[in-house]
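Morning, everyone. Please look at the model on the screen while I talk. I will take rings and then cavities.

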Amino acid sequence: TEITIGMDHPKADAPVISAPAPFAPLANQLFDRAYGQDQLIIGVDFPIGLPQPYAEAVGVDDFLAFLSGHQGPDWHAFSQVADRLDEVSLARPFFPRANIHADDKAHGPPQQAWLAQLGLKKPATYRQCDLMTDDRPAAASLFWTKGANQVGKAAIGGWRDLVRPLLQQQRQALGLWPFDGDWAALVARCPVVLAETYPGEVYGWFDCQPTAKTRREPRLAVIPQLQMVIDRYGLRLTDEAAAVLADGFGDDRRGEDRFDSFVGALGLYAVIMGDRPVSIPEGSVFTQVEGWILGQAV
């Protein structure tokens, strides 16, 4: 996983963007960083929340209680990606771990067979914020773990390695939006605020959607748009960050991750500056079960 941007706010100076760097989600280290600054706001590019129809089927009406082990399926079983179709159940919904086995292909199209095994229809595996918006197509189904746009394995890793440890170790100081309350209130009182962000949503805000973000040339084509955003906010890049940006985030397989993290952090800054709404639809389902993507219009 890559994280971008450390945005520091030195006195009498512009906020600083540092280069994308590998990120080890160690909860206590995050809080050490926060206590040395005014605040640490973290945007993560993985789902935080469960689709309400699925949650209802497994007896979850509080996502944080589920993560803490007080509701719903056993965490260990839930977080193990099924290798074979007959291992799939509501208690173990993530599938497939790798390639579809030949015997499972006999059950028909893989996603249809998987949904039949779950006893669910396709919409039940999506949260409402995952559906198509004016800025992007629909996101991926939470529990499907095959293909370039799958999010299931990122969700498992993010919940296991970051969100659950933070909830266990630093609960009093952590604000998890929107489950812990209004954005402005969380930012005012919590040393660390964590929220779900989605670079695919931010592309539309800044008109920076590359034609193929896995390759450097299309990423280079949208650098002028990113530079306009940087200039608009008066942000300052470190020399390393400026070099990474000018290079199109590199020509290796992690270039796409660096690009997404950079764009995602600019989107997070746009929210902090008040240029994007921090609102959610009416209903407790969004504050207790499904969550919402920060900055996504209602």
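**Rings and cavities**

Phenylalanine 63 and tryptophan 159 are both buried, where buried means under 20% relative accessible area, exposed over 50% and partly exposed in between, with a 1.4 Å probe and protein chains only. A word on ground rules. This is a predicted model, where local features need pLDDT of at least 70, side-chain atom pairs count only at pLDDT 80 or more, and totals for chains, interfaces and linings use all residues. Residues are numbered from 1 along each chain as its sequence is written, and side-chain values use heavy atoms, with hydrogens and water left out.

Now, how many aromatic pairs are there? The count comes to 21 aromatic pairs. Rings of Phe, Tyr and Trp (its six-membered ring) pair if their centres lie within 6.5 Å; planes under 30 degrees apart are stacked, over 60 edge-to-face, the rest tilted. Phenylalanine 63 and tryptophan 159 form an edge-to-face pair, at 5.3 Å centre to centre with 70° between the planes. Phenylalanine 63 sits in helix α3 (residues 63-67) and tryptophan 159 in helix α7 (residues 152-169), so the pair ties together parts 96 residues apart in sequence. Helices here are DSSP runs (H or I, at least four residues), numbered from the N terminus.

Both rings belong to a cluster linked by ring pairs: Tyr54, Phe63, Phe66, Trp75, Phe78, Phe94, Phe143, Trp159 and Phe179.

Arginine 232 lies over the face of tyrosine 233, 5.8 Å from the ring centre. The rule wants NZ of Lys or CZ of Arg within 6 Å of the ring centre and within 35 degrees of the ring normal.

On to cavities. The structure holds 2 cavities of 30 Å³ or more. A cavity is a set of points on a 1 Å grid over the protein atoms alone, where a 1.4 Å probe fits but cannot get out; lining residues have an atom within 4 Å of a point.

The largest cavity has a volume of about 40 Å³. Its lining includes Thr197, Trp205 and Val271. Which element gives the most to that lining? α13 does, with 4 residues. By class, the lining has 7 nonpolar, 3 polar and no charged residues. Ala, Val, Leu, Ile, Met, Phe, Trp, Tyr, Cys and Pro count as nonpolar, Asp, Glu, Lys and Arg as charged, the others, Gly among them, as polar.

The second largest cavity holds about 30 Å³ of space. Asp104 and Lys105 are among the residues lining the second largest cavity. Its lining has 5 nonpolar, 1 polar and 2 charged residues.

Notes: Helices (H or I, at least four residues) and strands (E, at least two) are DSSP runs, numbered from the N terminus. On a 1 Å grid over the protein atoms alone, a cavity is a set of points where a 1.4 Å probe fits but cannot get out, and a pocket is an open set with protein on both sides within 12 Å along at least five of seven lines; lining residues have an atom within 4 Å of a point. Grid points are joined across faces, edges and corners, and a volume is the space filled by probe spheres set on the points.
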